[in-house]
Amino acid sequence: MRATRAIIHLENLEKNLEAVRKKIGPNPEICFPLKAGAYGHGAVQMARFALDAGVKWLAVASADEGMELRQAGINAKILILSQILPEEISEITCADLIPIVSDAEIIKLLAAAAENSKPLEVHLKIDTGMGRLGCRPEEAAGLAALIAKNKKLKLGGLATHLSAADSATAGDILYTRDQLARFRCAAEDIRSKGIDPGILHAANSGAVCFHEQSYFDMVRPGILLYGYPAGDSLPPDLEVLPVMELRSTIVLIKKIRAGEEISYGRTWKAAQDTCIGNLPIGYADGLPRGLSNNYSVKIRDKTYPLAGRICMDQCMVNLGNGGEVKRWDEAVIFGPGFTGAGEIAQKTGTIHYEILCNINKRVPRIYINGEK
């Protein structure tokens, strides 16, 4: 086991699922996004826990992410959120994954490859203002008809994605409401043609927080389930807890004289005699180099600042006189009970999604449920 590891607090994931269920009510299903290795938490393990907790739908970004879950024996409904490639269609149909479609070409290719015995479920994506994947709302009924008339396919649902649902500004609130109105109109247009649109889903984490009218039949809260708001804040009736905790270990302590310098570029100089602790975690593990000389870790319930530039595999901590910290002590980088990934994101000019997703696969994940 490496000295650096990510502790995944499953009890917090359970609490977050309960909090979202309480917020959305009993009717909408929860689709649990597992993109990018479950936002760095480990897709297979998180999928299994979520299914045991009552989740029925999972979502991935690509066919290979879906195949990873199937090969692990996961038989739930798995929605592919990104554009599929023609060469992936064979494995998608064989593995009974559910692709999102936006155009006639992909619909026809899927129909040609689908097995006769069982229609392949697809969901139609409608671009209501994200400007990314999806057909225009006025094109939706025609594409739905193309799916419905083909016996090898089944229209299982309609989806859209909301681009500013996490924002509290008046303009963004209005824009989100307009997106939802376009989505409803497209769904009604499809129904008016005598076609069952299947389940409707639009709500991401921001919409779950601030737009109850977006819940429809299913919601897709990603970052919220991992313990963070999509934007700057959460509503007062919703509390979530970080699921990931990143820890390392003091593997060496050295005495440094006043005036001596630490790490690449000589960016840190000891103002007085001090002790420097070495942590075997660096930017290759996902600790941003931009935190150099600008972050503190927690050791024995006290915080200690980083000293010098973060290296690929290591970083250094100023321990002062070193009396309270011992070799092999644990250091918490972020997580429950300390600072979250959000503070790291603020200091490095990014978002907490990126901090979590960038925790490298070489960092082992340890799954616990209520125990340290």
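Predicted model: local features only at pLDDT ≥ 70, side-chain atom pairs only at ≥ 80, totals over all residues.
Buried means under 20% relative accessible area, exposed over 50%, and partly exposed in between, with a 1.4 Å probe and protein chains only.

Residues are numbered from 1 along each chain as its sequence is written, and side-chain values use heavy atoms, with hydrogens and water left out.

**Stop 1: the largest pocket**

Select K35, Y39, R132, H161 and N204, which are the closest to the centre of the largest pocket among the 28 residues that line it. A pocket here is an open set of points on a 1 Å grid over the protein atoms alone, where a 1.4 Å probe fits, with protein on both sides within 12 Å along at least five of seven lines; lining residues have an atom within 4 Å of a point. The volume of the largest pocket is about 570 Å³, where a volume is the space filled by probe spheres set on the points, and points are joined across faces, edges and corners.

Next, colour helix 2 (35–39), helix 9 (205–210) and helix 11 (352–357), the elements that give two or more residues to this lining. Helices are DSSP runs of H or I with at least four residues, strands are runs of E with at least two, and both are numbered from the N terminus. Helix 2 gives the most to the lining of the largest pocket, three residues.

Colouring by class shows 16 nonpolar, seven polar and five charged residues in the lining of the largest pocket. Ala, Val, Leu, Ile, Met, Phe, Trp, Tyr, Cys and Pro count as nonpolar, Asp, Glu, Lys and Arg as charged, and the others, Gly among them, as polar.

**Stop 2: the second largest pocket**

The second largest pocket holds about 270 Å³ of space. Select A36, G37, G42, A43 and K361: of the 14 residues that line this pocket, these are the closest to its centre. Which helix gives the most to the lining of the second largest pocket? Helix 4 does, with three residues. By class, this lining has five nonpolar, four polar and five charged residues.

**Stop 3: aromatic rings**

Show the side chains of F32, Y39, Y226 and Y353, which form one aromatic cluster. The structure holds four aromatic pairs. Rings of Phe, Tyr and Trp (its six-membered ring) pair if their centres lie within 6.5 Å; planes under 30 degrees apart count as stacked, over 60 as edge-to-face and the rest as tilted.

Start with Y39 and Y226: their ring centres are 4.6 Å apart and their planes are at 25 degrees, so the pair is stacked. Y39 lies in helix 2 and Y226 in the loop between strand 9 (218–219) and strand 10 (244–249), so this pair ties together parts that are 187 residues apart in sequence. Y39 counts as buried at 7% relative accessibility, and Y226 is buried at 0%.

Then turn to Y39 and Y353, whose ring centres are 6.2 Å apart with planes at 35 degrees, so the pair is tilted. With Y39 in helix 2 and Y353 in helix 11, this pair ties together parts that are 314 residues apart in sequence. Y353 counts as partly exposed, at 24% relative accessibility.

**Stop 4: cysteines**

How many disulfides does the structure hold? The number is zero, where a disulfide is a pair of cysteine sulfur atoms within 2.5 Å. Select C311 and C315: the sulfur of C311 is 8.1 Å from that of C315, its closest cysteine sulfur, which is too far for a bond. C311 counts as buried, at 14% relative accessibility.

**Stop 5: two loop residues**

Most residues other than glycine have a negative phi. Select R266, whose phi is positive, near 55 degrees. R266 is in the loop between strand 12 (261–262) and strand 13 (268–269), and is exposed, with a relative accessible area of 59%.

Finish at D301, where phi is near 65 degrees, again a positive value in a residue other than glycine. D301 lies in the loop between strand 15 (296–299) and strand 16 (302–305), and is exposed at 70% relative accessible area.
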